[in-house]
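This report covers helix packing, a few loop residues and some backbone details. Please keep the structure open while reading.

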Amino acid sequence: MIKFKPFIALGAILFSITLLLPAILVLPFISERGNDTTAPPAEETPAENTGPAVEVSIYREEQKKIEKVDLEDYVAGVVANEMNASFEPEALKAQALAARTYIVRRMISETESGLPDGAVVGDSITYQVYKNKEELKTTWQSKDYDWKMKKIEDAVQATAGQILTYDGQPIDALFFSTSNGYTENSNDVWANSVAYLKSVESPWDKNSPKFNGQEEISIQDFESKLGVSLGSSASIMTNVEYTSGKRVAKANISGKELTGTDIRDKLGLKSTDFTMTRSGQSIIVTTKGYGHGVGMSQYGANGMAAEGKNYKDIVKYYYKDVAVTNSESLLTAYMAKK
């Protein structure tokens, strides 16, 4: 029999203890976790940056105060006031695109707004009509608020960040209610000719409740507002010239030549597509369409959407040769300057 020397036995015991010690130390921690073998949760990955957070500074004209809101909330507040929520979803998306383009164009403009406290936009028809959610709850019946707001917010979200550009710059995305069957060239209404604001046919507008209109104006008011004297002639307008959009470009009334837009503005007419007849001591003015006629017709957009056109089809029809572009780079540059 081989005999182990004491120091060899002691060494073997110490070696065994060394091997067992880590397991003994870990055992209490295993006991605390029980049989749970699930790996600890991985660190959360930050959400992808979808662009700069942008606020719109709005001058609330009646309250005479500044309201700052998120860009997309502003767009929703405009769409809710500028287009009927019952319109087709693709028409609402087209309106969202126009509204967003308008405000981005104003924000990146180097021109001073002239509004108090650095506001970039007002909330009236001079700019785009805007109301916040609390105001919309008052404007709409309570039973309609939820479905209307959801429909509008869905349209805004579906187009989030998108604007209309021409040669890389946001366009002047003009819109109006109802055409007379055609839109107008910009230079037939205002001084400048704009490449993307050209007359196009818009046959869908005939279904608009605003397509036909009629107003009765007393001869006294008519003469006062236009600065004319009608005399006894049954004929009101002579030498009438028309625009590409089939509206009155200019006309002679009692020897005074006036533009169609001047007549419309002074008499408060719905459109520059008008005819006039005398009836006793009144002038009966019959109109077709509602609005200035330049850019996108809202009822036309709704008609196109009802026929299956999507929002990009709609905007590219009413605004010639434009592109649907992501606004992120323009807004990033804008925020960097603030």
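In this predicted model, the backbone nitrogen of Asp262 sits 3.0 Å from a polar atom of the Thr259 side chain. Thr259 itself belongs to strand E10, which covers residues 256-259. Its relative accessibility is 36%, so Thr259 counts as partly exposed. Setting aside residues up to four places away in sequence, Thr259 touches Ala249 and Lys250. Asp188 is 71 residues from Thr259 in sequence, yet the two C-alpha atoms are 9.8 Å apart in space.

**The chain as a whole**

The protein chain holds 10 helices and 14 strands. It has 338 residues, and 43% of them count as buried. Take the contacts between residues at least 6 apart in sequence: 67% of these join residues at least 24 apart.

The table gives the geometry of each pair.

| Helix pair | Angle | Axis separation |
|---|---|---|
| H8 (residues 298-306) and H9 (residues 311-318) | roughly 140° | within 10 Å |
| H3 (residues 89-108) and H9 | about 55° | 8 Å |

What orientation does H3 take relative to H9? The axes of H3 and H9 are 8 Å apart and pack at about 55°. That angle makes H3 oblique to H9. The crossing of H3 past H9 is right-handed. On the H3 side, the contact uses Glu90, Ala91, Lys93, Ala94 and Leu97. On the H9 side, Tyr311, Ile314 and Val315 meet them. By class, the H3 and H9 contact comprises six nonpolar and two charged residues, with no polar ones.

H8 crosses H9 at roughly 140°, with the axes coming within 10 Å. H8 and H9 are therefore oblique to each other. This crossing is right-handed as well. H8 contributes Gly300, Ala301, Met304 and Ala305 to the contact, and H9 contributes Asp313, Ile314, Tyr317 and Tyr318. Six of the residues in the H8 and H9 contact are nonpolar, one is polar and one is charged.

Thr183 lies in the loop between E6 and E7. Is Thr183 buried or exposed? Its relative accessibility is 0%, so Thr183 counts as buried. A polar atom of the Thr183 side chain is 3.4 Å from the backbone oxygen of Lys198. Beyond neighbours within four places in sequence, Thr183 is in contact with Phe176, Lys198, Ser199, Val200, Gly245, Arg247, Gly293, Gly295 and Tyr318.

Ser177 is in the loop between strand E6 (175-176) and strand E7 (212-218). Ser177 has 11% relative accessibility and therefore counts as buried. Which side chain makes a polar contact with that of Ser177? The partner is Thr178, at 2.9 Å. With neighbours within four places in sequence left aside, the contacts of Ser177 are Asp205, Lys210, Tyr290, Ser297, Gln298 and Tyr299. Helix H8 runs over residues 298-306, and Gln298 and Tyr299 are among the residues that Ser177 contacts.

Most residues other than glycine have a negative phi. Two loop residues have positive values. Asp167 has a phi near 55° and is not a glycine. It sits in the loop between strand E4 (162-166) and strand E5 (169-170). Asp167 has 72% relative accessibility, so it counts as exposed.

Lys246 is the other case. Its phi is positive, at about 65°, although Lys246 is not a glycine. The residue is found in the loop between strand E8 (238-242) and strand E9 (248-253). How accessible is Lys246? Its relative accessible area is 45%, so Lys246 is partly exposed. Gly245 and Arg247, which are among the contacts of Thr183, bring the account back to the loop between E6 and E7 where Thr183 is found.

Terms used:
Residues are numbered from 1 along each chain as its sequence is written. This is a predicted model: local features need pLDDT of at least 70, side-chain atom pairs count only at pLDDT 80 or more; totals for chains, interfaces and linings use all residues. Side-chain values use heavy atoms; hydrogens and water are left out. Helices (H or I, at least four residues) and strands (E, at least two) are DSSP runs, numbered from the N terminus. Buried means under 20% relative accessible area, exposed over 50%, partly exposed in between (1.4 Å probe, protein chains only). A polar contact is a pair of N or O atoms within 3.5 Å; within protein, one must be able to donate a hydrogen and the other to accept it, and residues adjacent in sequence count only if both atoms are side-chain atoms. Contact means heavy atoms within 4.5 Å. Axes are lines fitted to C-alpha atoms, for helices over the stretch in contact, and angles run from 0 to 180 degrees between N-to-C directions. Angles under 35 degrees count as roughly parallel, over 145 as roughly antiparallel, 65 to 115 as roughly perpendicular and the rest as oblique. A crossing is left-handed if the near helix is turned anticlockwise from the far one by less than a right angle, and right-handed if clockwise. Ala, Val, Leu, Ile, Met, Phe, Trp, Tyr, Cys and Pro count as nonpolar, Asp, Glu, Lys and Arg as charged, and the others, Gly among them, as polar.
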